[in-house]
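Here are my notes on the model. Please read them with the coordinates open.

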Amino acid sequence: MAKADKIFGILLMLAITLLVFVNLIIGEAEIPNSAIFAILGGDASDNPVWPYIVENRLHRSITAVLAGGGLAVSGLILQVFFRNPLAGPGVLGVTSGASLGVGVVILGGISLSAQYGAWLHIVAGLIGALSVLALLMFLSQFIRSAITLLVIGLMLVFLTSAIIDVLYLWANETNTRSFVVWGLGSYEGLSQLDLLSLASFVIIPFAGALFLVKPLNALLLGPDYAASVGTKLKQTRLLIICITGIIAASITVYCGPISFIGIAVPQLVRRIIRTPNHAILLPIVFLAGAFLGISADLIVRLTANLLPLNTVTALIGAPVIIWTIIKLNKSYAQV
Amino acid sequence: MLRFKDMDIQINGRSLVRTKSMELGSGIIALVGSNGSGKSTFIRTILGRHAEYKGEISLFEEPIGSIDKNELAKLIAVVFSQGNVFGDIKVRNVLGMGRLPYLNHFAQEKEKDIEIIDKVVGLLELENLLEKSFNHLSDGQRQLVMIGRALVQDTPVILLDEPGAFLDVVNKHKVMTALRKIANEQEKIILFSTHSFTFLDEICDRVLLIDKGGVKELSPSVGFENQVLTHFGIIE
């Protein structure tokens with residue numbers, strides 16, 4: 001691991017820790033810093049409401065770190081697999097697949113906090129995300145052009161949102177409202193159990209992704225060369241579907257369909273560190289995604305939660321993507 | 001030793017290339033034949049990427065179908081007619097990809113890997129390219145790097161599928177000379193398919209002609225180029 005990459009990783013970790021603290025300290029409720037540290041240390045505080053608020057802020061920060069990191073890693077893997085710098089869980093329709101699953105459940109009247117609600121949401125989200133991914137991977141065997149595949153992914157985004165529009169016909173006002181609010185994206189409101197479940201759905205597949213280090217490195221040369229250096233293509237494809245699908249689906253279930261982080265972060269990281277080794281890229285991209293995830297949330301909180309999360313990620317992410325498209329012809333494989 | 005016995009490579013049940021018995025040892029072997037004659041499929045079959053064939057293809061007495069993918073990667077390396085890498089990757093790192101079958105899960109290069117890469121860099125004189133981005137190289141440079149990558153893989157067999165297809169005469173000459181140099185210095189089976197016959201006599205030890213579904217070995221006593229051109233009726 002090159003020294004510069006290490007320093008970059010450490011800087012990201014420090015920045016994330018700093019932002020988590022900032023997120024704990026600021027907020028609508030004014031809590032003295034001393035009380036915050038006392039609560040984090042496990043001591044009682046003057047105001048019985050404060051521990052609850054601090055716990056909420058802490059959960060929200062951890063959620064932001066997990067969601068940002070998870071989406072970025074999922075984007076990195078998909079970009080390498082599809083050999084396309086514009087791929088990502090959002091663009092390819094994976095998030096939309098999860099949204100459709102969640103939509104069926106919420107519009108059907110089962111909220112996340114209902115009995116077995118969380119599990120129903122996760123299963124539905126997973127089914128949606130994995131079906132879209134499996135369909136894309138199947139089609140990618142026949143479609144050589146990366147742009148064509150992206151267009152198919154975008155069509156799947158439109159298709160799922162159209163199906164959701166149809167579902168609105170049967171939903172009542174309350175359910176429709178709660179689904180629309182979910183769609184704006186937010187790291188807010190996860191219980192300890194939700195957080196634990198999100199953490200395991202992000203961290204376990206991420207650990208599994210470490211088995212993809214060699215295949216991902218090899219895939220940079222394209223599938224034919226990858227096979228010639230020992231990559232088992234079918235097995236790799238299956239592992240990629242499961243890992244990216246589970247990560248993207250669980251984050252979508254708990255935080256809504258968050259756009260742009262998954263596609264923009266791998267781009268930015270590749271500009272900063274030039275190693276092609278995914279043993280370094282995977283953790284660094286996770287950290288960078290976590291950093292962007294929590295930065296975006298800080299902006300949301302600074303506007304007193306008036307700006308939706310997806311508005312902020314779009315404001316940051318869209319310029320990065322436009323910049324990527326301009327650079328595309330120069331540095332990337334022909335699309 | 002690459003051995004073929006009663007081999008019949010098929011596509012959708014239709015026979016494409018057949019040979020009763022053939023053995024390939026170290027040296028440079030060219031594979032010629034018209035478009036669609038099955039040269040690429042023949043190469044993909046040896047690589048274990050085309051599974052529809054009858055008979056036996058064995059490498060060092062072991063059927064290629066039964067060799068583990070990672071082990072096969074330590075025996076056979078390949079160069080295709082075009083190489084595109086995804087992203088802005090340095091030539092040094094592209095060469096390093098050839099070591100993947102030997103590396104641990106985290107793809108860490110050990111001293112021995114670095115030694116092998118350095119040796120190939122010296123052999124093909126790639127020193128000035130190492131820090132350059134692969135996708136910014138000319139077609140000829142890219143192809144030399146991909147041949148270097150195959151050498152880094154340190155296999156007894158190297159297959160090349162029309163390595164000169166997108167190269168001009170000068171670059172084609174460079175690539176062919178490099179292959180001859182490798183064959184002279186290392187005992188390898190180098191099998192390449194080609195449409196250009198001008199280099200055949202200069203660099204090849206053997207020439208195989210795929211025609212009408214059969215593999216015919218050309219005699220080395222008469223010029224290879226003349227025989228091929230006569231066979232296709234281009235010269236009398």
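How many residues has helix 12 of chain A, and how far does helix 12 reach from its first C-alpha to its last?

1. Helix 12, span. This is a predicted model. Helix 12 of chain A covers residues 261-272. It has twelve residues and reaches 16 Å from first C-alpha to last. That is close to the 16 Å expected at 1.5 Å a residue.

2. The cut-off here is 20 or more other C-beta atoms within 10 Å. The buried residues are A:I261, A:G262, A:I263, A:A264, A:V265, A:P266, A:Q267, A:V269 and A:R270.

3. Chain A overall. Chain A has 14 helices and zero strands. Buried residues make up 49% of its 335 residues. Among contacts in chain A with a separation of 6 or more, 80% join residues 24 or more positions apart.

4. Chain A dimensions. The C-alpha trace of chain A spans about 65 × 55 × 35 Å along its principal axes. The radius of gyration of chain A is 20 Å. A compact globule of 335 residues would come out near 20 Å, so the value agrees.

5. Helix 3 against helix 11. In chain A, helix 3 (residues 50-81) packs on helix 11 (residues 233-255) at an angle of about 145°. Their axes are 9 Å apart. Helix 3 of chain A passes helix 11 of chain A in a left-handed crossing.

6. Who meets whom. Helix 3 of chain A brings A:T63, A:A67, A:G70, A:L71, A:V73, A:S74, A:I77, A:L78 and A:F81 to this contact. Helix 11 of chain A brings A:I240, A:I243, A:T244, A:I247, A:A248, A:I251, A:Y254 and A:C255. By class, the contact of these two helices has 13 nonpolar, four polar and no charged residues. An α-helix has 3.6 residues a turn, so residues three or four places apart point the same way.

7. The A–B interface. The contact takes 26 residues from chain A and 26 residues from chain B. On the chain A side, helix 9 (213-219) and helix 10 (223-228) each supply at least two residues. Helix 9 of chain A gives the most, with four residues. The chain A side that touches chain B divides into 13 nonpolar, seven polar and six charged residues.

8. B:N70. What does B:N70 touch, leaving aside residues up to four places away in sequence? The partners are A:G230 and B:P101. B:N70 is found in helix 2 (residues 69-73) of chain B. B:N70 has 15 other C-beta atoms within 10 Å, so B:N70 is partly exposed. B:N70 and B:H136 are 66 residues apart in sequence and 30 Å apart in space, C-alpha to C-alpha.

9. Positive phi at B:F60. Phi of B:F60 is near 50°, a positive value in a residue other than glycine. B:F60 is in the loop between strand 4 (53-59) and strand 5 (62-63) of chain B. With 11 other C-beta atoms within 10 Å, B:F60 is exposed.

10. Positive phi at B:E125. Phi of B:E125 is near 55°, again positive in a residue other than glycine. B:E125 is in the loop between helix 4 (111-124) and helix 5 (139-152) of chain B. Is B:E125 buried or exposed? B:E125 is exposed, because 12 other C-beta atoms lie within 10 Å.

Note on methods: Residues numbered from 1 in each chain as written. Chains lettered and ligands numbered in written order. Predicted model: local features only at pLDDT ≥ 70, side-chain atom pairs only at ≥ 80, totals over all residues. Axes fitted to C-alpha atoms, helices over the stretch in contact; angles between N-to-C directions. Left-handed = near helix turned anticlockwise from the far one by under 90°. Contact = placed C-beta atoms within 7 Å. Nonpolar A, V, L, I, M, F, W, Y, C, P; charged D, E, K, R; others polar. Expected span 1.5 Å × (residues − 1). Rg over C-alpha atoms; globule rule 2.2 N^0.38 Å.
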